[in-house]
Amino acid sequence: MIAPQVRHTLGPDTHVLTISHRHGVDTILYADHEDATSALADYARRWWNEITSSQTEGDRKIPQSVGGLDDDTVISIYFDHQGGESYGIYPVTTTRPTAPRFELDDAKARAFLHRALRRYDGTLSDNEGEGASGDENWTLTPGWDINSIFSDELSHIEDLVHQAIHVVGAITFTADLPAAPEDVALEPLIEAPQDGRWNYLWRVSLPISSSFALCSPSREEIHRLGWTDDDIKAKGCRAAMGILREAVAIGNQILAAYTEAGGRIPAGTA
């Protein structure tokens, strides 16, 4: 199977959905207004019991079940009765060019992965090697294959991105957002759905409020992580470089959407 060459892209109809609640603000990209509305309705259905549980037996103004209610009705009833929560759906224009926010230093990344290989074979210890710094201790198996790793090894993927950004400096962040580079987090979120297949999406966290983060618009199966335009899944260093390149590409798309929707995302809500 040939892997898709482009994912999580911003199209002409892309919309941003924001949901403010007591835990913070969820901000997600969707392909169009219809998808964003459908996702908002799913959110309302998931938490419907919160607006019905306080009703008394003789005062049931809110339907106990969402069965038979269309998306617009579900959204209207839920947010009319769920105090302290609000939402917004905003179009994202893609005509204005946006400067890259994340950048990958290929030379630093390749040197980092070369040291990781040498740590695996025992010729280097943690924090050793030309260019090593801080708490660098990531190791790389020569034939490292995401398709064959066990679930308890998935944190190794997260640590790869973390060390590339915060330890090695192979991925850097520059922007005019109110954030210091070291306070911005770019990370893969890996989760297991009920069918047992591991999925992931990307998240960018900004220190604008205590709980503000933006996520890529859809989940992908974990075996697609780091795929390029090749029809053969990469292993070893190529697999790791593919993950870092995807992190930068998707991170920039997420931040571009945030910039386009500037002033309309309630970023100060906590």
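This is a predicted model: local features need pLDDT of at least 70, side-chain atom pairs count only at pLDDT 80 or more; totals for chains, interfaces and linings use all residues.
Residues are numbered from 1 along each chain as its sequence is written, and side-chain values use heavy atoms, with hydrogens and water left out. Local features require pLDDT of at least 70 and side-chain atom pairs count only at pLDDT 80 or more, whereas totals for chains, interfaces and linings use all residues.

The mean pLDDT (the predictor's confidence in each residue, from 0 to 100) of the protein chain is 80, and 78% of its residues reach 70 or more. Helices (H or I, at least four residues) and strands (E, at least two) are DSSP runs, numbered from the N terminus. Confidence is highest in helix α4 (residues 106–121), at 95, and lowest in β8, at a mean of 76. Over residues 1–8 the pLDDT stays under 50, and the model has 24 contacts (heavy atoms within 4.5 Å) for this stretch beyond four places in sequence. Residues 263–270 also have pLDDT below 50, with 23 contacts beyond near neighbours in sequence.

Grid points are joined across faces, edges and corners, and a volume is the space filled by probe spheres set on the points. The largest pocket holds about 730 Å³. Its lining comprises 28 residues, with H21, D26, I28, Y43 and R46 nearest the centre. Two or more lining residues come from each of β1 (15–21), β2, α1 (33–46), β7 and β8, and the largest share, six residues, is from β2.

One cavity of 30 Å³ or more is found in the whole structure. The volume of the largest cavity is about 40 Å³. Among the 10 residues lining this cavity, T27, L29, L214, I254 and A257 are the closest to its centre. The elements giving two or more residues to the cavity lining are β2 (24–30), β8 (212–215) and α6 (236–260).

Strand β7 (residues 199–205) pairs with β6 in the antiparallel sense over seven bridges, pairing requiring at least two DSSP bridges. L189 stands opposite L201 in β7.

Notes
On a 1 Å grid over the protein atoms alone, a cavity is a set of points where a 1.4 Å probe fits but cannot get out, and a pocket is an open set with protein on both sides within 12 Å along at least five of seven lines; lining residues have an atom within 4 Å of a point.
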